Amino acid sequence: MLSVRDLGVAFGAVQPLSGVSFAVGKGETLGIVGESGSGKSLTAMSVMGLLPLSGGRITGGKVEFDGQDLTKLSERAYRKLRGGRIGLITQNPMTSLDPLKKIGPQVDDVAKLHMGLSEQAARARTEEILGTLRIPEPALICERYPHQMSGGMKQRIVIAMALAADPDVLIADEPTTALDVTVQAQIIRLLDDLVKERDLALVLITHDMSVVAQTCDKVVVMYAGRAVEHGPVETIFDRPRHPYTQALIACIPRGLDEATRLTGIEGTVPTVVNYPSGCPFHPRCPRAEAICATDPPGFSVEGDSAAACHFAEVADAQPA
Amino acid sequence: MNVSQMAIRSLDAFARMSIGRAFASGVGMVAGGFLILLVLVAIFAPWIAPFDYAAQNLMNANAAPGWPHLLGTDEFGRDVLSRVIHGARTSLSVSATAIAISMAAGMTLGAAAGYFGGFFERAVMTVVDLTWSFPDILIALIFVAIIGPGLTSTTFAIAIAYLAQFTRLTRAQIVRLKRETFIEATINLGAKPSHILLKHLMPNAIAPVIVVGMLAIGDGIVLEATLGFFGLGAQPPTPSWGAMMSSGTAQLFLSPWVIIFPGVAVAVTVIAVNLFGDELIRALDIRDRLRGA
């Protein structure tokens, strides 16, 4: 349904994103994971054609949706796709709704705009969608203002707006970051159900490996604006081949044993202006050797999965 | 929904939200009550005024306050009270019309500049800032020179004098709101620029602009009186507070009531407008949004 090939993005002379590829089909969930600043959200923005608004541009690669190359689309044509065929759920539901408008009209607007529905038909559709998102008493909620609702509820409304025009692809950019842990699980489960019920293609952007393990079919691991490993979720979790993926998986908290300390990855994510030469992960990599600082690694493919590491085979033999 | 309907709806929501709360305090109630009374007096001036404001009676010129002329008479024997009452009409209508024109133009320019940015923004803001660098009186003089003295010149002069304020304030609001997440979210849903600007940005930007408009009406009254005082505004026999004070200066010691009462009317009105404006700012909780514009 949606495929991205070798995507590169630049802001002026700075190149924060390069060589990102993935594909999602209907009824499939793709996870994009990585630390803050690894280019996950930027990837989402590129797919939605939002880069020109913030001064960025696509320097290479293709974004294909339903057979057409989106990188060549005009702004006017893009507007029809946004919200119409590709829905985007952003990080912060608390501020994603217009504070002066009631919930009902805000959700109605989407169906009115993309499906040309009348006032009444749009409202009927809104109430129906709110119902499927397990929001009690949709008619009542439509008359509320955003400030009268909880964070979890607002996120459901935001999801409802993204779904209002019945899109084929849904991109959820850290949809649960701003929510309570209990609500997080509900929202993730809700998204998971939506994929099955509506045959959606879901791109789930997150930094939470455990969420990926629970919901995704495929994973792309990103680091410093590059995809470093991708493949089916089982393969990636069973036999991670990139040291960064291994480190991420090692960071998932397990059990309640007091003796076990929480693990982290030493160092910090490099900023866009000082991406390391060679393999971007080498300054933090436990396995790095001389070659890593000079030569960018290519993908070492094995079955459905691939890892960009000089020592992918070696890593494979000694899982961290 | 067209723009005027939208404006009415925003105003309606605004009124329900906050005007009530502005009246809640003691100061707000007194100031607001006075202003409502003043507007009613202005509207019903012909029925309230005890005499014809233009009727001269030279036999009874410069009569001291008493009966039947409660506030005395001027040098032509005209009733000062009637003229002050009719003067309210002139002052309020000229100031309110001017500010309405100024607000409409300023909001349109400011919103477009803030939303579209770039060269257009710089061009608009440069021109608008330029109007701000001229003293109000000078702008008025330019209009008087072009279309002659009178209320039309006064109205345009006041409108131009406050244009920069509304443009800058609206632009500042739009620039700030444009970066809000809910606007990004609306873009993500495929909304057109016109929809974003008219249905999301403007309603969220309008409250501080209305309050500044309210306060500007007070300043507009002072400016109208100033121009009237210099003979650039209302022409005789149209009663205007400023023009009345001007004619009163000649017999300041002989019949001080001619200058005192219109002066008191200007002062009390402007104080009431400002006090009520402050209460509105408090009720709307927008003090921080008025800064820097």
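In chain B, helix 4 and helix 7 (residues 151-178) pack at an angle of about 35°, and their axes lie 5 Å apart. The model is predicted. The crossing of helix 4 of chain B past helix 7 of chain B is right-handed. By class, this contact holds 20 nonpolar residues, ten polar residues and three charged residues.

Helix 4 of chain B, which spans residues 80-116, also packs against helix 5 of chain B. Here the angle is about 145°, and the axes are 7 Å apart. Helix 4 of chain B passes helix 5 of chain B in a left-handed crossing. From helix 4 of chain B, the contact draws on B:Leu109, B:Ala113 and B:Phe116. From helix 5 of chain B, the contact takes B:Gly118, B:Phe120, B:Glu121, B:Val124, B:Met125 and B:Val128. Seven residues of this contact are nonpolar, one is polar and one is charged.

Helix 5 of chain B runs over residues 118-133, which makes 16 residues. From its first C-alpha to its last, helix 5 of chain B reaches 23 Å. That span is close to the 22 Å expected at 1.5 Å a residue. Helix 5 of chain B is hardly covered. Among its 16 residues, the count of buried residues is one.

The whole of chain B can be described next. Chain B has twelve helices and zero strands. From the N terminus on, its elements run α-α-α-α-α-α-α-α-α-α-α-α. Along the principal axes, the C-alpha atoms of chain B fill a box of roughly 75 × 45 × 30 Å. Chain B has 293 residues, of which 46% count as buried. Among contacts in chain B with a separation of 6 or more, 70% join residues 24 or more positions apart.

Chain B also meets chain A. The contact takes 13 residues from chain B and 18 residues from chain A. On the side of chain B that touches chain A, helix 8 (181-188) and helix 9 (193-229) of chain B each supply at least two residues. Helix 8 of chain B gives the most to this side, with five residues. By class, the side of chain B that touches chain A has five nonpolar, five polar and three charged residues.

Chain A is assigned two stretches of domain 1, 2-85 and 165-317, with domain 2 at 95-164. Taken over C-alpha atoms, the centres of domain 1 of chain A and domain 2 of chain A are 29 Å apart. Across the boundary, 13 residues of domain 1 of chain A are in contact with eleven residues of domain 2 of chain A. Helix 7 (residues 181-198) of chain A gives the most to the side of domain 1 of chain A that touches domain 2 of chain A, with four residues. That side of domain 1 of chain A divides into nine nonpolar, three polar and one charged residue.

Helix 3 of chain A covers residues 103-115 and has 13 residues. Its reach from first C-alpha to last is 19 Å, close to the 18 Å expected at 1.5 Å a residue. Eleven of the 13 residues of helix 3 of chain A are buried, so this helix is largely enclosed by the rest of the structure. Among the buried residues are A:Ile103, A:Val107, A:Val110 and A:Leu113. A:Asp108, A:Asp109, A:Lys112 and A:His114 are also buried. The buried residues of helix 3 of chain A pack against helix 4 (119-132), helix 5 (138-142) and helix 6 (151-163) of chain A. A:Gly116 follows helix 3 of chain A and has a positive phi, near 65°.

Not counting residues up to four places away in sequence, A:Met1 touches A:Val24, A:Gly25, A:Lys26, A:Asp66, A:Asp168, A:Val169 and A:Ala201. A:Met1 and A:Gly67 are 66 residues apart in sequence. In space, the C-alpha atoms of A:Met1 and A:Gly67 are 8.0 Å apart.

Technical notes. Residues numbered from 1 in each chain as written. Chains lettered and ligands numbered in written order. Predicted model: local features only at pLDDT ≥ 70, side-chain atom pairs only at ≥ 80, totals over all residues. Expected span 1.5 Å × (residues − 1). Buried ≥ 20, exposed ≤ 12 C-beta atoms within 10 Å, placed from the backbone. Contact = placed C-beta atoms within 7 Å. Nonpolar A, V, L, I, M, F, W, Y, C, P; charged D, E, K, R; others polar. Axes fitted to C-alpha atoms, helices over the stretch in contact; angles between N-to-C directions. Left-handed = near helix turned anticlockwise from the far one by under 90°. Domains from an automatic or database assignment.
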